[in-house]
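Here is a short briefing for a reader new to this structure. The sequence and model come first, then the main points by topic.

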There are 2 protein chains.
Amino acid sequence: MITLSEENYLKAILSINLETKNIVSTNEIAGVLNTSPASVSEMIKKLEEKNLVNYEKYKGVSLSKSGEKLALEILRKHRLWETFLVNKLEFSWSEVHDVAEQLEHVKSKKLTNKLDHFLNYPKFDPHGEPIPSKNGIISPTKRVLLSEVPIKTKGIIMGVSTDESEFLDYLTQLNFKIGSKIKILDIILFDKSMKIQIGDKIEQISEEVTNNIHIKIIE
Amino acid sequence: MITLSEENYLKAILSINLETKNIVSTNEIAGVLNTSPASVSEMIKKLEEKNLVNYEKYKGVSLSKSGEKLALEILRKHRLWETFLVNKLEFSWSEVHDVAEQLEHVKSKKLTNKLDHFLNYPKFDPHGEPIPSKNGIISPTKRVLLSEVPIKTKGIIMGVSTDESEFLDYLTQLNFKIGSKIKILDIILFDKSMKIQIGDKIEQISEEVTNNIHIKIIE
DNA sequence: AATTATATTTAGGCATCCCTAAATAAATGT
DNA sequence: ACATTTATTTAGGGATGCCTAAATATAATT
Ligand SMILES: [Mn+2]
Ligand SMILES: [Mn+2]
Ligand SMILES: [Mn+2]
Ligand SMILES: [Mn+2]
């Protein structure tokens, strides 16, 4: 049996790896889970015992085949539940993360798959993140970070890479939504902030913000 | 903060009390939660510390006002989730208990109330048990145990008092459902088993079964 | 290459929740 | 009333998961 804590560690390792594509460090995990690096070292050893991760002291961690399978299941549940909360229960996209953080640990294959069916097999969660399929496949998307495209680029907002409610509420306030069409009018060299056209309004947003928005380039 | 284990203890105390109307004994709790009486004694002391129960050594436990409030919230969530699983996700009534046992611990007032709304404010769960309201009120129902009514009684099945899947599957097989109309044709004195008319069929059921079925008497 | 700074692991401890065995209180039978 | 059975609590201990402080390995600087 796998415990709730172990599940959170596996998911954290997966998320970090999906972002950085690298072996995952103890410190990174501690950062994500808000625990001490010492606790992480301890837990990693337990996960290694269970063959859920590959681990070499001082070198970092990666998920084993079975560890990755479990992590993908949890991520799938997290994103399905977020979709449920927004699409069926009228939550806003900034309110769902903490609740999904709890719901993702409910153990019932049948529940997950029935939920998937009930939601009509969604491909993306309310933040534009892809939902792993029943077989653990994450459909690859060709999206780029808004912070990395040049001036005059036109694009469609496809997703965000953090669930922090302050961030999401700010986007809502700016009227930035999944699917919104935007154009980069200017990039300030000094702080890399951007002047963005959205609808008939123009907004100035910082690099901290552009760094967390994924777009699909059009035209 | 209240832990998952503490929640399960509170709910167990409430359920036992709702059935027996008495002070609750250590042994009864241990029975329901499948733990040792020693563990129960320990936990009760902790709950007393937190003013969630009233307790006198060797005399038994009862819920305090705040303990009862919490317990009712958990019971409310349990029954709302069971209703969700049956009404929206097409689970059968015999499959939902274990999943609801997990879902009931998800902490979000907003989720509970949105779910209630989404389900159209149901009054009873799939087993016919009343769902406590937002304010913790259980609507009183005038139902009787099938095992306690005399011969020739006609009634409608209103609920069951156990969620065990073997029992529920057996009822389904007999075509006994919430709302079914039945008539007691005969009561065998020797073992108190009953011959029951349901639709145009006649079924013989044991006292163990009639003891777990609630009916409303008609005519 | 040696020194310093940073990352990681180990040591020792604490809280929670569970257990079995032993002690004690309450209930029951004679 | 006394002895026995049953219910409950206490004692002692194990597993999990977290922490801080200390030790050690690795990376960065000079
Ligand atoms: Mn989680
Ligand atoms: Mn998310
Ligand atoms: Mn439970
Ligand atoms: Mn139930």
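Near DNA strand C, at least two residues each come from helix 2 (26–33) and helix 3 (37–49) of chain A, and from helix 1 (4–20) and helix 3 (37–49) of chain B. Helices are DSSP runs of H or I with at least four residues, and they are numbered from the N terminus. This is a predicted model: local features need pLDDT of at least 70, side-chain atom pairs count only at pLDDT 80 or more, and totals for chains, interfaces and linings use all residues. Residues are numbered from 1 along each chain as its sequence is written, chains are lettered from A and ligands numbered from 1 in the order in which they are written, and side-chain values use heavy atoms, without hydrogens and water.

**DNA strand C**

- DNA strand C is surrounded by 23 residues, and the closest are S41(A), Y55(A), K57(A), T3(B) and S39(B). A residue is near a strand if one of its heavy atoms lies within 4 Å of it.
- Sugar and phosphate make up 72% of the atoms of DNA strand C within 4 Å of the protein.
- Phosphate oxygens of DNA strand C lie 3.1 Å from a backbone N or O atom of N27(A) and 2.8 Å from a polar side-chain atom of K45(A).
- A side-chain N or O atom of E42(B) lies 2.9 Å from a base nitrogen of DNA strand C.

**DNA strand D**

- DNA strand D is surrounded by 22 residues, and the closest are T3(A), S39(A), S41(B), Y55(B) and K57(B).
- Sugar or phosphate accounts for 73% of the atoms of DNA strand D within 4 Å of the protein; bases give the rest.
- Phosphate oxygens of DNA strand D lie 3.0 Å from a polar side-chain atom of S5(A), 2.9 Å from one of T26(B) and 2.8 Å from a side-chain N or O atom of K45(B).
- Helix 3 of chain A gives the largest share of the surface near DNA strand D, 5 residues.

**Chain B against chain A**

- In chain B, 21 residues are in contact (heavy atoms within 4.5 Å) with 21 residues of chain A.
- The two chains bury about 1700 Å² between them, and carbon and sulfur atoms give 69% of it. Buried area is the accessible area (1.4 Å probe) that two parts lose on being put together, summed over both.
- The interface has 3 salt bridges (a side-chain nitrogen of Lys or Arg within 4 Å of a carboxyl oxygen of Asp or Glu).
- K110(A) and E95(B) form a salt bridge at 2.7 Å, N to O.
- On the chain B side, helix 6 of chain B supplies the largest share, 6 residues.

Definitions and conventions
A polar contact is a pair of N or O atoms within 3.5 Å; within protein, one must be able to donate a hydrogen and the other to accept it, and residues adjacent in sequence count only if both atoms are side-chain atoms.
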